Amino acid sequence: MIELAFSILASDFAHLADEVAAAERGGGSIVHIDVMDGHFVPNITFGPPMVKAVRSITKLPLDCHLMIENPDAFIPDFAEAGADMVSVHQEVCRHLHRTLQLIEQHGMKPAVVINPATPVDTLIEILPMVHHVLVMSVNPGFGGQKFLPLALDKIGLLAEIREELGLNFRIEVDGGVAHDTVAQVVQAGADMLVAGSAVFSPGKTEHNARELLAAARAAAEIQD
Ligand code: DX5
Ligand code: ZN
């Protein structure tokens with residue numbers, strides 16, 4: 001099933017509840033929350049208080065993308081705030097297996113993220129533990145960047161490995177997913193599509209979400 005995980009980073013924070021509701025009406029079914037610490041990535045966003053606020057305005061699953069160093073220290077806080085899924089970057093986890101276990105122990109779905117420069121091979125051993133793998137199609141830190149096509153081969157490789165190993169993790173893609181790139185990512189094998197700037201736009205959010213999902217689902221059908 002193809003799902004749209006809309007990234008609230010691109011929304012109007014002053015009207016967050018309306019923004020989330022509009023993306024949800026357009027068919028968005030996961031809220032993607034980009035947590036940045038100013039260390040792992042050159043930007044600062046928000047943390048557990050934002051997750052708690054979003055938890056109070058929607059029933060949709062909350063997908064927290066942690067672009068932070070030392071994620072272990074904050075996992076209990078994200079659980080407490082109401083996160084459903086937590087993804088951590090392979091590049092910051094010295095003990096990735098332990099961190100994924102910790103997420104699971106806190107009742108959330110564990111996921112792992114790889115930067116554009118990080119190979120899929122680094123994940124083989126932990127693939128049976130994750131709910132999804134997030135393939136970055138931009139260097140993390142900012143919304144509105146250009147899609148990097150190198151992500152397509154990585155998505156395809158993950159889909160092949162999943163088949164070979166008989167696993168069932170999902171494949172998420174994040175960065176530059178928009179009308180002109182969505183068909184390729186779906187055809188490569190992604191089924192959780194993160195999109196921020198292609199969704200949020202004053203007065204057009206619901207429409208944008210609907211159109212992006214329609215394009216994604218049409219691309220999936222062509223492939224079948
Ligand atoms: C980038 C974030 C993304 C970002 C996507 O570091 O992880 O989730 O919000 O934004 P767009 O869809 O505008 O590329
Ligand atoms: Zn993200």
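Which residues coordinate the zinc ion (ligand 2)? In this predicted model, the zinc ion (ligand 2) is held by His32 through NE2, Asp34 through OD, His65 through ND1 and Asp174 through OD, at 2.0 to 2.3 Å. Along the chain, these donors follow the spacing H-x1-D-x30-H-x108-D. The angles among the six donor atoms run from 69 to 168 degrees, and the site of the zinc ion (ligand 2) is octahedral. For comparison, the ideal angles for six octahedral donors are 90 or 180 degrees.

Two of the coordinating residues can also be described by their accessibility. His32 has a relative accessible area of 0% and is therefore buried, and Asp34 counts as buried because its relative accessibility is 5%, where the cut-off for buried is under 20%.

Turning to the strands, β5 covers residues 109-114, and five of its six residues are buried. Strand β5 pairs with strand β4 (residues 85-89) in the parallel sense, and the chain passes from β4 through helix α4 (residues 96-105) to β5 in a right-handed β-α-β crossover. Strand β5 also pairs in the parallel sense with strand β6, which spans residues 132-136. The table sets out the two pairings.

| Strand pair | Sense | Bridges |
|---|---|---|
| β4 and β5 | parallel | five bridges |
| β5 and β6 | parallel | four bridges |

Methods: Residues are numbered from 1 along each chain as its sequence is written. Chains are lettered from A and ligands numbered from 1 in the order in which they are written. This is a predicted model: local features need pLDDT of at least 70, side-chain atom pairs count only at pLDDT 80 or more; totals for chains, interfaces and linings use all residues. Side-chain values use heavy atoms; hydrogens and water are left out. Donors are N, O and S atoms within 2.8 Å of the metal (3.2 Å for Na, K and Ca); water is not among the atoms, so sites may look incomplete. Four donors count as tetrahedral if all angles lie between 85 and 135 degrees; four count as square planar and six as octahedral if opposite donors are over 155 degrees apart and all others between 65 and 115; anything else is irregular. Buried means under 20% relative accessible area, exposed over 50%, partly exposed in between (1.4 Å probe, protein chains only). Helices (H or I, at least four residues) and strands (E, at least two) are DSSP runs, numbered from the N terminus. Two strands pair if DSSP finds at least two bridges between them. A crossover is right-handed if, with the strands pointing away from the viewer, the path from the first strand over the helix to the second runs clockwise.
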